[in-house]
Amino acid sequence: MLLNVIQTIAPDNYVAFTFFIGYIAMLAASVFFFIERNSVSDKWKMSLLVSGLITGIAAVHYYYMRDYNLVTGDSPTFFRYVDWILTVPLMCVEFYLLTRLAGATKSLLWKLIFASTWMLVCGYIGEAFNPGGVRATSHSVIWGVLSTLGYLYILHSVWLGEVAKLSEASGSDVVKKGVRALGWFVLVGWAIYPIGYMCMDGGWLSGIMSPDKIDVWYNLADAINKIGFGLVVYSIAIAESKKETAKS
Ligand SMILES: *C/C=C(C)/C=C/C=C(C)/C=C/C1=C(C)CCCC1(C)C
């Protein structure tokens with residue numbers, strides 16, 4: 001088909017449009033985070049590197065997802081999950097780096113990485129290997145519930161558990177407020193994904209939204225959760241670096 005060859009985005013194709021915008025935004029954010037590494041003290045350079053990697057990895061996947069969606073009209077479930085499985089553990093690394101100065105251990109890091117990988121592997125099985133899941137608009141309830149356990153673990157750690165306690169112990173208002181802000185991303189921003197999952201054919205919320213609009217929500221959520229999350233980390237890094245130079 002000619003359309004597939006030139007791959008133009010129809011004006012009313014919001015799904016393709018948000019893939020396109022998502023790609024540009026992620027790319028721009030990476031350039032920003034990488035350049036801004038020069039504006040923070042040595043202690044914080046790793047945090048900004050990770051922010052830039054998160055949006056950079058997403059940019060590459062959006063590049064492919066945009067094409068995949070334009071050509072097939074389908075949800076790029078596979079690329080989506082490959083992207084998440086690389087970027088969500090990196091967000092866990094951010095929590096570790098932020099609380100490391102207050103004593104976060106490697107074991108905390110691994111627990112968070114394990115929980116996020118569990119969440120995404122279960123979610124992928126639920127979307128992709130489920131009868132009729134070829135178009136990836138159907139899902140399995142059991143795998144969704146299993147996946148949610150991983151999500152709840154991270155949520156708990158950030159709001160009440162180890163991450164929350166370490167951020168309290170950090171003695172820095174900037175870190176405390178920053179971790180709180182990141183906690184809101186996990187609570188509200190991340191919740192968009194399980195809601196999208198439940199909107200698929202046969203899901204509890206399938207009456208509310210048509211499954212082929214789910215990608216618009218996932219794309220919006222990704223932009224908020226990856227770029228917004230990175231910007232919060234960036235503002236913490238800048239504020240803490242300023243304190244350090246003021247002291248010396
Ligand atoms: C940048 C990408 C992010 C932050 C992706 C986060 C993804 C989730 C929090 C997904 C969660 C899911 C559940 C809690 C249950 C249903 C299956 C998932 C994978 C959609």
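The model shown is predicted.

**View 1. The ligand sits in the largest pocket.** Among the 17 residues around the ligand, Trp84, Met119, Ser147, Tyr193 and Lys226 come nearest. Taken alone, the ligand exposes 530 Å², and the protein buries 99% of that. The largest share, five residues, comes from α4.

**View 2. Arg66 pairs with Asp67 in a salt bridge.** Their closest N and O atoms are 3.3 Å apart. Arg66 has a relative accessible area of 16%, so it counts as buried. Asp67, at 22%, is partly exposed.

**View 3. A salt bridge joins Lys43 and Glu244.** The N to O distance is 3.5 Å. Lys43 lies in helix α3 and Glu244 in helix α10, so the pair ties together parts that are 201 residues apart in sequence. Lys43 is partly exposed at 47% relative accessibility. Glu244 is partly exposed at 24%.

View 4. Glu240 is buried at 11% relative accessibility, whereas Lys243 is partly exposed at 35%.

**View 5. Five residues form a nonpolar patch on the surface.** They are Ile9, Phe17, Phe20, Ile21 and Ile24, with about 400 Å² of accessible area together. Ile21 lies in helix α2. At 41% relative accessibility, Ile21 is partly exposed.

Notes:
Residues numbered from 1 in each chain as written. Predicted model: local features only at pLDDT ≥ 70, side-chain atom pairs only at ≥ 80, totals over all residues. Heavy atoms only, no water. Patch = residues over 30% accessible without salt bridge, like charges linked within 9 Å, V, L, I, M, F, W, Y side chains within 5 Å. Areas by Shrake-Rupley, 256 points an atom, 1.4 Å probe, with all protein chains shown as cover. Salt bridge = Lys/Arg side-chain N within 4 Å of Asp/Glu carboxyl O. Helix = DSSP H or I, 4+ residues; strand = E, 2+ residues; numbered from the N terminus. Buried < 20%, exposed > 50% of the residue type's maximum accessible area, 1.4 Å probe, protein only. Near = heavy atom within 4 Å. 1 Å grid on protein atoms, 1.4 Å probe; cavity = no way out; pocket = protein on both sides within 12 Å on 5 of 7 lines; lining within 4 Å. Sits in = over half its atoms within 2 Å of the grid points.
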